[in-house]
Amino acid sequence: MPATTCIACGTGEFGITRLDDTHQSLRTCKHCGTSETCPKPDPANLEAHYSENYYGTDNVKFVPIVEAFVGWMNRKRAARVHTLVAGRTRILEVGCGRGLLLHQLAQLGHDCHGTERSALAARRASQTQGLHIYTQPLEECPFDGHSFDAAILWHVLEHLDDPQKTLALIARLLKPKGVVYLEVPNLASLQSRTSGKNWFHLDPEHHLYHFSPVGLHRLLETSGFQIEQRSTLSLEQGPYGVLQSWLNAIGREKGTLYRILKRESFPGLMATFREFAMAAGLVLPALLFALMEAAIGRGGVLRVVARPSAR
Ligand SMILES: [Zn+2]
């Protein structure tokens, strides 16, 4: 059963949007725009999803060129986190997946701890030197209060059963001058509003919640944080989000190109050629669209730097 009040702003007035091809709906708060997937994905199905198909075989998720791009983005993200903290620090990543970002941060000399609900991904990440990975829920991890300098949640908050509870716990685990660095898909982005149920980052099979700028702001505030910086531009998520949403609208089946790039399925030579041909024609307009929407503050993601509110 969904909560009777909005998880972000606590009010209780909602609008319902049906997602006709999934038997699911979005229940959206009329005050702050935070949405909840109803009914929520079955936890048993979620566990099955966060398996080899989600994280890839041999700790490799995508085809080589995309894997190289993801690696480069993780190095850039680690450098950014490094500038947000002073010196060599203790860092927590909630939902660290394959541990690529933590690995980069460990290389920069930080003491890196991660949580990951997929035992498979956690096992692979813990094989990387210098990482401490925990598979239990965050509240059951052996962490002392005020012991971390930074916490990272990268496309994780939307997957959690109780984002408010997790954020409030993180506020207690962070040192008073600690920092939380997070990113989620932006439900109020132009790519979301113009693509509707074809929006690539909507993903109701995995995403329990969907955030607007106002809703995320309220959620962080009620969890004990003050936002310091925000942005809606992501070169990793924005342009591909537009491209795959457009392909979803004109193609026969949603997410075909993504599944090819993830090495999850191969629809045959002709279908693959057709998919890449359509993508080639759309890639430049998609890039321009993503840059334009971010320039007016309505890009595909909500990226936030926040610090614990003064107590
Ligand atoms: Zn709300």
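Buried residues have under 20% relative accessible area, exposed ones over 50%, and partly exposed ones lie in between (1.4 Å probe, protein chains only). Helices (H or I, at least four residues) and strands (E, at least two) are DSSP runs, numbered from the N terminus. This is a predicted model, in which local features need pLDDT of at least 70 and side-chain atom pairs count only at pLDDT 80 or more, while totals for chains, interfaces and linings use all residues. Residues are numbered from 1 along each chain as its sequence is written, and side-chain values use heavy atoms, with hydrogens and water left out.

**Helix H6**

Eight of the 11 residues of H6 are buried, so this helix is largely enclosed by the rest of the structure. Its buried residues are Pro163, Thr166, Leu167, Ala168, Leu169, Ile170, Ala171 and Leu173. The cover over them includes E4, E7, E8, strand E9 (209-210), helix H8 (213-222) and E10.

**The sheet**

Seven strands form an open sheet with mixed pairing, in the order E6-E5-E4-E7-E8-E11-E10. Strand E6 (131-134) and strand E10 (225-231) are the edge strands, each pairing on one side only. From one strand to the next, the twist averages 20°. Two strands count as paired if DSSP finds at least two bridges between them. Two of the pairings are set out below.

| Strands | Sense | Bridges | Opposite residues |
|---|---|---|---|
| E8 and E11 | antiparallel | six | Val180 and Ala306 |
| E4 and E5 | parallel | five | Val94 and Thr115 |

Strand E5 (residues 111-115) is mostly covered, with four of its five residues buried.

Contact here means heavy atoms within 4.5 Å. Axes are lines fitted to C-alpha atoms, for helices over the stretch in contact, and angles run from 0 to 180 degrees between N-to-C directions. Helix H3 (residues 64-84) packs on the sheet and touches strand E4 (90-94), strand E7 (148-154), E8, E10 and E11; the direction of H3 makes about 150° with that of E8. Helix H6 (residues 163-173) also packs on the sheet, touching E4, E7, E8 and E10, and its direction makes about 150° with that of E8.

**Nonpolar patch**

Phe69, Trp72, Leu233, Leu235, Val283, Leu284, Leu287, Leu288 and Leu291 make a nonpolar surface patch of about 790 Å². Patch residues have over 30% relative accessible area and no salt bridge, and nonpolar side chains (Val, Leu, Ile, Met, Phe, Trp, Tyr) are joined within 5 Å. Helix H11 (269-295) gives the most to the patch, with five residues. Phe69, found in helix H3, is partly exposed, with a relative accessible area of 33%.

Note on methods: Patch = residues over 30% accessible without salt bridge, like charges linked within 9 Å, V, L, I, M, F, W, Y side chains within 5 Å. Areas by Shrake-Rupley, 256 points an atom, 1.4 Å probe, with all protein chains shown as cover. Salt bridge = Lys/Arg side-chain N within 4 Å of Asp/Glu carboxyl O.
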